[in-house]
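Please open the model in a viewer and keep the sequence panel at hand.

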There are 2 protein chains.
Amino acid sequence: MRISWRRTLFGRPLPTEASVHQRLTKVKALAVFSSDALSSVAYATEEILLVLVTAGAAALSLSLPIACVITGLLVIVATSYYQTVHGYPSGGGAYIVAHENLGVWPGLTAAAALLIDYVLTVAVSITAGVIAVTSALPALYPYRVEICLLAIALITWGNLRGVRESGTLFSIPTYAFIALFLTLIAIGLVRLFSGSLTPLPAATLPLAAAGTSPLTLFLILRAFASGCAAMTGTEAISNGITAFEKPEADNAGKTLIAMAVLLGVMFLGITYLARALQVVPIEHESVISQIGRLVLGTGPLYLVLQAATALILVLAANTAFADFPRLASILARDGYAPRQLANLGDRLVFSNGIVALALLAALLVVIFGGRTHSLIPLYAVGVFLSFTLSQAGMVRHWHAVREGSWRTKAAINGLGAVATGLVLLVVIESKFSHGAWLILVLIPLVVWMFRAVKRHYIDMQGQVVVGTSGRRVGMQASVPQQSKVVVPLSSLNWASIAALRFARSISQDVTAVIVDVNPQSTARVQADWQSWYPKVPLVVLESPYRSVITPLLEYLGEVDCCNPEQGLAVVVLPEIVPARWWQHLLHNQTTLQLKAVLLFQQPLGGDARIVISVPYHLKG
Amino acid sequence: MRISWRRTLFGRPLPTEASVHQRLTKVKALAVFSSDALSSVAYATEEILLVLVTAGAAALSLSLPIACVITGLLVIVATSYYQTVHGYPSGGGAYIVAHENLGVWPGLTAAAALLIDYVLTVAVSITAGVIAVTSALPALYPYRVEICLLAIALITWGNLRGVRESGTLFSIPTYAFIALFLTLIAIGLVRLFSGSLTPLPAATLPLAAAGTSPLTLFLILRAFASGCAAMTGTEAISNGITAFEKPEADNAGKTLIAMAVLLGVMFLGITYLARALQVVPIEHESVISQIGRLVLGTGPLYLVLQAATALILVLAANTAFADFPRLASILARDGYAPRQLANLGDRLVFSNGIVALALLAALLVVIFGGRTHSLIPLYAVGVFLSFTLSQAGMVRHWHAVREGSWRTKAAINGLGAVATGLVLLVVIESKFSHGAWLILVLIPLVVWMFRAVKRHYIDMQGQVVVGTSGRRVGMQASVPQQSKVVVPLSSLNWASIAALRFARSISQDVTAVIVDVNPQSTARVQADWQSWYPKVPLVVLESPYRSVITPLLEYLGEVDCCNPEQGLAVVVLPEIVPARWWQHLLHNQTTLQLKAVLLFQQPLGGDARIVISVPYHLKG
């Protein structure tokens, strides 16, 4: 029953040998890994314009130069990652590159930044996509948080089924989005140069903030930093190299170039059209929508464009679902995260990581009430921090390798590191009070957690691993002595009889104990005892304060003191197991409490108390 | 450490013998049991006026006749409960009376109604009290839910310390409220008759709904039903008789009379003053506050009156904290509720019931966002349902007893049952769509839960109790056979060595099992095995789908089939116990999952699998 339910939902289990066949073709990989980067075209231009417009309409003409600089930066970063893909063919995300070349702390910092960013990617993309839908269907607006959670659940489900299926599932909308945007740009340019397209009348500035600031260098840098939102997701492919078909590095590198070219063309095209058409950001309609209406009219093609924009934003979350679990599994493999994150599920995906990401993102969506705008300022810090660390790491890498044209490569990466480092400073400066501070607090916290987990695993290894010296202790050869066994009872019923039966099968030194909280019941047990168990001693414990636990613990302490050579007494508990889940609330509260207390009791002299529940199953 | 923390918070444990000394004097009992009833004076008059005003200013003159009828009803109900207190000296709430005289279903219906009402009493009183505070201090308004939860937490704490202390704790505000209200009425009457008090100018009707409905009989009945809010809490004393000092019934009866007289005087006095001063309900100020300002001015006495009103509303919740756990313990004793609700805590209070009530009330406060107004319509249905059932039960009681003036007593109770029954119908009719429907759904649901719990306990008794025939089976005499023991391992470390050591101490038939999910680790164990445990067989299980659980379950199934006479194989699991709570997340996920699966596995042939964890404690 349980298994067939799982199969219907998630597909049949896949054997480990199937692993290598579950790889992605380049076409599918582009859909899986680039939706995050490509979807940012939907808002990056608007972000630039929104900053520039505060300095007046004339400042808007700076948007195209800024977009060109960002595209240049994109070329640098993509080139850097292309080098990384080949330098680290088994997967070279910022964590691995920074860890290997810059040391543990920069590596963990990059990992923390990336993990936080993946969660934000899911939250931002889903909320932005859902807002796009609710803008078209205002009746759904009050349910936007619920719709976000539903979307997260659907993507989680798709990913739990396995990576090949998710490639198929997400190819159509990604390629539809690319095709629609390229068509939009092509038609726009043709109509513009053929003169059949009239720009908007010279800008009236409808926003409240418009034209209120002077055009300073800082403002231009801020516009540049805002536009850098276009570059989020560029690193996705370098983290996911091992998901590609063989030869992995070559395929990943080609996919990375394709993605960067598409992103650059679309971003520059949209920014050019926005400028040529004199589009200005307004309150109730996105820049993309304005361009779309002007170029395509309000017919079906415009509506499909809007739908595809909404869809790719939702699906951009999928990039994080491919990468977060993979990075978490690498961290778990290195001992910085709980081990279960490294377990491949029976569909060959890192199920625990997928579920963890979904829960964290859902939490963010609920906390921020499904508002994209509040999440955006948290977003860029982590991206540019990991860019900077990764590229700085690559510089060190080339210095260590010193092969071929290493000086050129180091120079490219060095340029990238300096540029993204500067962007990082601008982002922190301009968005600190809007939420960037939270990320600057969270990253050290996550790094500290990594270290605590690692320390614990190392410490445990030291305590648990059997050294070669242990082999000579010889404790394993002889058959160990039987333990003293204590069986607490409340009455003489089939459950306690089963417990006594088991206790007597494992040791000849069994004592039954009853805590006297109900005198009638105690008297009944005492009356019947001799005829049932003439050879088993029955101890009655007083309990003036009606607690069952305290007298039992005191008694066990006495027993242990009297028999130090036998080790701690074993406790055998009768436990009634009801047939339905809710009936558990009606039973065994004392047993549960006793087990919890005994589990957390500090063991005396390193020895540990063994508590055995003997289940007695009730029939429905 | 843990114990001293509990003692500081809740006081030292009390022995069972102290129970009889923990009783309440009449003065303290009045404070504990009557704050609910008395506090309703603060809003009952206003509720009447709010209905009447919809029929215009002239209709307001009906408020005094209606208040007189309600006071008459109060006399009837109080007399009925006075008879109940003497008829049921060991505690005669509606549940007991209806259960004994009308049967199981009416009894459980009354119990369900009462439990729900106790929760509502807490929620309504706390929210109303906090709103009274935030009206005076508007800056606190955004935090009203938090303040409500804090107040609930404080009252819970007081009650967990024990009933005598809570009597002392709550006496002062209750008596302050009584004194202030009686003073208000006395000064008001004196000033009114001495002519030094001028009524408000003849009513202008500021409310939007004012004067829009015709003055029908139904409207008058609705005003009456609303005013009956004054009567909530009248039954509290009859439920709590056993908390009184001896002679319990006499003391409880006298306290009941005192409470009814105080309630009647205060309610009539306030309603008379409201009428004589021509006070009309307005949006932003309560009727009590208007009367207070007119009679006392805006000096310190007025402010103290408002503070005492707020305080008694918060403390009214305490009535429920005395009664809910007591009724729950009676139901638990009868098998209708989980047994742990019948356990006296170490401070001689029903701790589990207190905590359950606090959690449910806190949930209601959060769901309804701290808004009293939304909770009020849910409130009256349960009160009058239990009044009606209780008094109908008393009629049957007197018919069965047939002693002394039983006809008179039966007639009084009969009158009460009919009157409260009619009020019940009016309440349901006039408040159905405002939330009363929810209670009409909840009561059958709770009754169904009572029955399910009872059925389960009866069923369990049948399966667990050892009949006299069992004694002759003789299974207890011989020492039982040793079980086959299976020890699953992942590697050969100190934890698995401890598990193997214990397994070999309890049986000579031990098999170690390793699931091959990590070939290196498996090979290492196989290489070392012979030198460690030459006599213990090691079985290696294949796992193509990387699951540890499934191959183990299959193996256990095979073992059980081969040895039907030995019973199910015992599983001994090595379990690493970390020193800190968060480290548990880093360990034993597979062990936990295996234990859960084995626990819920349907036992074959009634037999149950025993799973033993052998803990290995890590040092901090």
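Which kind of contact do the side chains of Asp323(A) and Arg326(A) form? Select the two residues in this predicted model: their side chains meet in a salt bridge, with an N to O distance of 4.0 Å. Both belong to helix α13 of chain A, residues 300-333, where they stand 3 residues apart, about one turn of the helix. An α-helix has 3.6 residues a turn, so residues three or four places apart point the same way. Asp323(A) and Arg326(A) are both buried.

**Further salt bridges**

Next, select Asp560(A) and Arg609(A), whose side chains form a salt bridge at 2.8 Å, N to O. This pair links distant parts of the chain, 49 residues apart: Asp560(A) sits in helix α21 (residues 549-562) of chain A, and Arg609(A) in the loop between α22 (589-600) and β5 (611-617) of chain A. Both Asp560(A) and Arg609(A) are buried.

Move to chain B and select Glu575(B) and Lys595(B), which are joined through their side chains by a salt bridge of 3.0 Å, N to O. Because Glu575(B) lies in strand β4 (residues 570-577) of chain B and Lys595(B) in helix α22 (residues 589-600) of chain B, the pair ties together parts that are 20 residues apart in sequence. Over all chains, the structure holds 10 salt bridges.

**Chain A as a whole**

Now display chain A in cartoon form. Its secondary structure comes to 22 helices and 5 strands. Of the 620 residues of chain A, 55% count as buried. Where contacts in chain A join residues at least 6 apart in sequence, 80% of them are between residues at least 24 apart.

Select residues 41-52 of chain B, which make up helix α3. Its end C-alpha atoms are 18 Å apart, which agrees with the 16 Å that its 12 residues should span at 1.5 Å a residue. Because 10 of the 12 residues of α3(B) are buried, the helix is largely enclosed by the rest of the structure. The buried residues of α3(B) include Tyr43(B), Glu46(B), Ile48(B), Leu49(B) and Leu52(B).

Then select helix α20 of chain B, residues 519-532. Its 14 residues reach 20 Å from the first C-alpha to the last, close to the 20 Å expected at 1.5 Å a residue. Buried in α20(B) are Ser521(B), Thr522(B), Val525(B), Trp529(B) and Trp532(B).

**A helix crossing in chain B**

Finally, select helix α7 (residues 144-161) and helix α13 (residues 300-333) of chain B. At what angle do α7(B) and α13(B) pack? The angle is about 45°, and the axes are 10 Å apart. That angle makes α7(B) oblique to α13(B). The crossing of α7(B) and α13(B) is right-handed.

To view the contacts, show the side chains of Ala151(B), Ile155(B), Thr156(B) and Asn159(B) in α7(B). These residues meet Val314(B), Ala317(B), Asn318(B), Phe321(B) and Ala322(B) in α13(B).

Notes: Residues numbered from 1 in each chain as written. Chains lettered and ligands numbered in written order. Predicted model: local features only at pLDDT ≥ 70, side-chain atom pairs only at ≥ 80, totals over all residues. Heavy atoms only, no water. Helix = DSSP H or I, 4+ residues; strand = E, 2+ residues; numbered from the N terminus. Buried < 20%, exposed > 50% of the residue type's maximum accessible area, 1.4 Å probe, protein only. Expected span 1.5 Å × (residues − 1). Axes fitted to C-alpha atoms, helices over the stretch in contact; angles between N-to-C directions. Parallel < 35°, antiparallel > 145°, perpendicular 65-115°, else oblique. Left-handed = near helix turned anticlockwise from the far one by under 90°. Contact = heavy atoms within 4.5 Å.
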